[in-house]
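Subject: Structure handover

Dear colleague,

I am passing a structure on to you, with notes on what was found in it. Please look at it first and then read on.

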Amino acid sequence: MSEKHLQAGDVLPPYNGKLRLFAMRFCPYAERSVLVLNAKGVEYDLVFVNLDHKPEWLFSFSPKGTVPALEYEQGKAIFDSNIINVYLDEKYPEKPLQSTDPLRRAQDKMIVENFAAAQSAFYTAAYNSQALQPNMVENYHKGLEGLQKEIEVRGTKFLHGDEAGLVDFTLWPFLERFLSLPLLGKTEFAIDSSKYALLLTYIEAMKTVPAVKSYCLAPETHAKFTESRAKGDPDYNMLDTSAVCCMRPRKKKE
Ligand SMILES: N[C@@H](CCC(=O)N[C@@H](CS)C(=O)NCC(=O)O)C(=O)O
């Protein structure tokens with residue numbers, strides 16, 4: 001487990017037999033896999049990497065040099081958050097995070113697909129705001145409205161059901177970051193209670209899920225990182241990650 005983001009020239013920490021997730025503390029895709037690992041209660045280590053000065057060994061786990069990548073056996077890894085998460089769900093079936101109904105699984109994937117335009121509007125607003133177009137703000141709100149409608153129609157606390165599942169953990173890292181946009185002056189991206197009461201109830205419920213709570217960052221923290229990255233000098237090590245409980249090796253559940 002690394003507490004600072006490892007970079008070019010840094011050595012790979014020794015393998016200790018546990019699952020190991022290569023991540024970056026502020027990456028929403030890596031967060032998806034962290035949440036699934038937390039929800040599954042499996043033991044794992046996190047290794048944070050600096051994505052602007054990537055350690056050379058990252059490419060042996062993730063050929064494109066992206067995070068997350070999961071080392072499931074010494075020197076062997078899979079990459080891409082969705083691939084990793086479905087693998088984890090199937091490999092550790094004790095607490096399933098997907099429906100047994102194929103149609104429901106397809107519908108969950110469509111929710112994620114329909115949300116993609118909102119995610120992309122978020123990235124433009126956060127990192128390339130001069131390229132922001134009115135239709136992107138519209139797409140963002142269409143995405144949020146669609147999500148809120150789905151929560152209403154399903155009528156459960158979470159999209160997955162009474163407990164959060166894969167679909168919730170896939171969307172959450174973006175919702176977490178959306179809340180930082182008004183702090184960056186993007187008030188048109190606010191998730192307003194007059195329009196999004198149900199969505200805000202869902203967001204509050206997600207924050208209390210233990211898998212989420214132990215890794216979730218405040219909007220102010222996301223805004224601070226975004227500002228540093230938008231200036232071209234991402235402050236990867238701005239947090240004392242040793243204080244975040246889930247970054248400690250976790251005990252296996254009995
Ligand atoms: N589709 C991938 C996307 C992963 C991704 O784009 N991660 C970003 C960090 S948030 C990354 O590794 N960027 C480094 C790069 O592209 O060189 C997934 O779901 O895992």
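Apart from its neighbours within four places in sequence, Ala-39 is in contact (heavy atoms within 4.5 Å) with Lys-95, Leu-97, Phe-169 and Ala-211. Ala-39 and Ala-211 lie 172 residues apart in sequence, yet their C-alpha atoms are 5.2 Å apart in space. Ala-39 belongs to helix α1; helices here are DSSP runs of H or I with at least four residues, strands are runs of E with at least two, and both are numbered from the N terminus. With a relative accessibility of 9%, Ala-39 counts as buried (buried is under 20% relative accessible area, exposed over 50%, partly exposed in between, with a 1.4 Å probe and protein chains only).

Please note that this is a predicted model, in which local features need pLDDT of at least 70 and side-chain atom pairs count only at pLDDT 80 or more, while totals for chains, interfaces and linings use all residues. Residues are numbered from 1 along each chain as its sequence is written, and side-chain values use heavy atoms, with hydrogens and water left out.

Next, the sheet. Its 4 strands are arranged in the order β2-β1-β3-β4, as an open sheet with mixed pairing (two strands pair if DSSP finds at least two bridges between them). β2 (44-48) and β4 are the edge strands, each with a single partner strand, so one side of each has no neighbour in the sheet. On average, neighbouring strands are turned by 25° against each other, direction ignored.

Strand β1 (residues 19-23) and strand β3 (residues 69-73) run antiparallel and are joined by 3 bridges. Arg-20 has Glu-71 in β3 as its bridge partner, and Phe-22 has Ala-69. Helix α1 (residues 28-40) packs on the sheet, where it touches β1 and β2, and its direction makes about 155° with that of β1. Axes are lines fitted to C-alpha atoms, for helices over the stretch in contact, and angles run from 0 to 180 degrees between N-to-C directions.

β3 also pairs with strand β4 (residues 76-79), in the antiparallel sense and over 4 bridges. Ala-69 stands opposite Phe-79 in β4. The two strands β3 and β4 form a hairpin with 2 residues between them, and Gly-75 in the turn has a positive phi of about 80°. Helix α3 (residues 81-91) lies across β1, β3 and β4 and runs at about 115° to β4.

Then there is a helix pair. Helix α4 (residues 102-127) and helix α5 (residues 134-154) have axes that come within 8 Å and cross at roughly 150°. That makes α4 roughly antiparallel to α5 (angles under 35 degrees count as roughly parallel, over 145 as roughly antiparallel, 65 to 115 as roughly perpendicular and the rest as oblique). The residues that meet include Ile-111, Phe-115 and Ala-118 in α4, and Tyr-140, Leu-144 and Leu-147 in α5. The residues of this contact divide into 9 nonpolar, 5 polar and 4 charged (Ala, Val, Leu, Ile, Met, Phe, Trp, Tyr, Cys and Pro are nonpolar, Asp, Glu, Lys and Arg charged, and the others, Gly among them, polar).

Lastly, Thr-226 is found in helix α9 (residues 219-230). Thr-226 is buried, with a relative accessible area of 5%. Its contacts, leaving aside neighbours within four places in sequence, are Ala-126, Tyr-127 and Leu-184.

Regards
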